[in-house]
Amino acid sequence: MLKKQSAGLVLWGAILFVAWNALLLLFFWTRPAPGRPPSDGALDDDPAGLTREVIRLAEDAELELERQRGLLQQIREHHARWSRRGRGRRPTAAPPGPPRAPASAPPAAIAVLVIACDRSTVRRCLDKLLRYRPSAERFPILVSQDCGHEETARVIASYGSAVTHLRQPDLSSIAVPPEHRKFQGYYRIARHYRWALGQVFRRFGFPAAVVVEDDLEVAPDFFEYFEATYPLLRADPTLWCVSAWNDNGKEQMVDAGRPELLYRTDFFPGLGWLLLAELWAELEPKWPRAFWDDWMRRPEQRQGRACVRPEVSRTMTFGRKGVSHGQFFDQHLKFIKLNQHFVPFTRLDLSYLRRDAYDRAFLARVYGAPLLQVEKVRTSERGELGEVRVQYTGRDSFKAFAKALGVMDDLKSGVPRAGYRGIVSFLFRGRRVHLAPPQTWHGYDPSWN
């Protein structure tokens with residue numbers, strides 16, 4: 001039926017085309033020349049004028065025919081388009097609109113997994129997550145609760161459908177070696193992490209997750225940061241996580257005016273971190289019974305891979321109460337600065353964080369910085385140098401210099417906190433300092449603990 005209609009339309013178009021051109025030719029041959037009234041026999045007495053008039057009429061006719069050919073071509077194109085669209089379609093269907101550019105694939109949904117236990121103050125964590133979350137579809141929040149604490153459960157339930165409340169079913173005691181009796185809390189945490197991550201990746205099938213503990217408060221650009229770094233994590237096999245945390249992120253040690261600065265680090269920071277489902281498939285079969293974060297920092301898990309971390313942290317902890325009994329919180333954690341300036345990371349080019357490009361630029365900057373003794377840094381000598389390097393040569397000198405300069409001096413499997421290729425970068429009294437090994441550095445020594 002559609003083909004018959006299209007053929008009839010073309011036939012009528014052709015008839016109109018021929019009739020229109022016949023009328024045009026009749027009009028051109030009978031109309032007077034411009035500016036002259038019609039006069040019987042006027043052109044017969046002027047052969048040159050007759051020639052000019054014939055030429056003019058021919059040119060006018062040619063222009064009009066060109067316009068008509070364009071009209072006929074449009075009729076043909078419409079016929080061809082309707083014929084293609086008509087195949088397999090009902091004749092009553094309305095013709096579609098103009099072709100559109102192909103839509104880009106929607107961004108992947110990244111689960112936000114909140115690990116909870118017996119802190120009813122989880123409300124502070126959830127309130128900030130929900131306040132800053134740009135999309136419930138792109139960032140679904142799952143709260144996994146251990147411990148069976150009813151007050152905490154009521155707080156989580158009060159958020160209704162805004163979050164998904166999961167309850168870890170195994171609340172039994174865990175048999176631990178006698179010397180680890182006081183560390184049973186770390187065994188429970190490892191068991192909970194394994195169960196909760198299994199839910200995220202195997203039950204719900206998310207491609208990636210950001211893990212947040214119930215005592216963390218997030219920055220305004222927390223989601224923007226992870227949305228921008230997710231493609232980088234997926235594309236670069238030398239990365240295995242993105243963290244929101246800077247272990248040396250105290251206010252006086254970071255450049256708060258440059259919150260867009262990001263770094264690679266060989267140290268697994270945790271405290272708000274993004275991982276892919278593929279990494280969980282690798283880690284789950286060998287997941288430890290306790291001390292999971294230090295286990296992640298061992299070379300057999302890290303396998304030479306790095307994490308991305310910010311200059312200014314995108315999380316801060318308010319949880320003094322915990323398995324560490326608050327000692328680490330009072331000495332260090334409560335001083336970490338939380339970023340308050342929104343950085344549009346998704347509009348920035350983060351390709352500089354790929355290993356080859358990063359190593360070239362970062363190492364050139366560090367080892368191009370003037371070498372200065374630690375005491376001269378402490379006394380602010382050579383103040384004209386805005387960036388300097390302090391060199392350590394072994395475990396003991398690293399710990400001594402780190403303590404003198406106020407950075408974290410502990411090492412896990414030989415890796416310093418926030419370190420990359422043995423280098424720890426920070427601000428000291430407004431000056432950028434790189435605490436670095438010699439340029440001939442050959443790798444970490446796991447015995448440095």
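Is Cys125 buried or exposed? In this predicted model, Cys125 is buried, and its relative accessible area is 0%.

## Disulfides

A disulfide is a covalent bond between the sulfur atoms of two cysteines. The count for this model comes to two disulfides. With the bonded cysteines numbered in sequence order, they pair as 1-2, 3-4.

One of the links runs from Cys117 to Cys147, with an S to S distance of 1.6 Å. The angle about its S-S bond is -85°, and the link of Cys117 and Cys147 is left-handed. This pair connects distant parts of the chain, 30 residues apart: Cys117 lies in the loop between E1 and H3, and Cys147 in the loop between E2 and H4. Cys117 has 21% relative accessibility and therefore counts as partly exposed. Cys147, at 37%, also counts as partly exposed.

Another disulfide joins Cys241 to Cys307, S to S 2.0 Å. Because the torsion about the S-S bond of Cys241 and Cys307 is about 115°, this disulfide is right-handed. Distant parts of the chain are linked here too: Cys241 belongs to strand E6 (residues 239-243) and Cys307 to strand E9, 66 residues apart. Both Cys241 and Cys307 are buried.

## Salt bridges

Side chains of opposite charge can pair when their charged atoms come close. Over the whole structure, a search finds 24 salt bridges. Among them is the one between Asp215 and Arg119, at 3.6 Å from N to O. This pair ties together distant parts of the chain, 96 residues apart: Asp215 sits in the loop between strand E4 (208-213) and strand E5 (216-218), and Arg119 in the loop between strand E1 (111-116) and helix H3 (122-132). Asp215 has 7% relative accessibility, so Asp215 counts as buried. Arg119 counts as buried as well, at 17%, because the cut-off for buried is under 20% relative accessible area.

Glu311 and Arg432 form a further salt bridge, in which the closest N and O atoms are 3.0 Å apart. Glu311 is found in the loop between strand E9 (306-310) and strand E10 (315-317), whereas Arg432 is in strand E15 (residues 431-436); the pair links distant parts of the chain, 121 residues apart. Glu311 is buried, with a relative accessible area of 1%, and Arg432 counts as buried at 7% relative accessibility. Salt bridges with shared partners also join Arg119, Asp214 and Asp215 into one network.

Asp294 pairs with Arg297 in a salt bridge whose closest N and O atoms are 2.8 Å apart. Asp294 is partly exposed, with a relative accessible area of 28%, whereas Arg297 is buried at 7%.

## Helix H4

Which residues of helix H4 (residues 150-157) are buried? They are Thr152, Ala153, Val155 and Ile156. These residues are on the same side of H4, because they cover an arc of only 160° around the axis.

What do the buried residues of H4 pack against? Their partners are E1, H3, strand E2 (141-145) and strand E3 (164-167).

Conventions
Residues numbered from 1 in each chain as written. Predicted model: local features only at pLDDT ≥ 70, side-chain atom pairs only at ≥ 80, totals over all residues. Heavy atoms only, no water. Salt bridge = Lys/Arg side-chain N within 4 Å of Asp/Glu carboxyl O. Helix = DSSP H or I, 4+ residues; strand = E, 2+ residues; numbered from the N terminus. Buried < 20%, exposed > 50% of the residue type's maximum accessible area, 1.4 Å probe, protein only. Arc of directions from axis to C-beta. Contact = heavy atoms within 4.5 Å. Disulfide = S-S within 2.5 Å.
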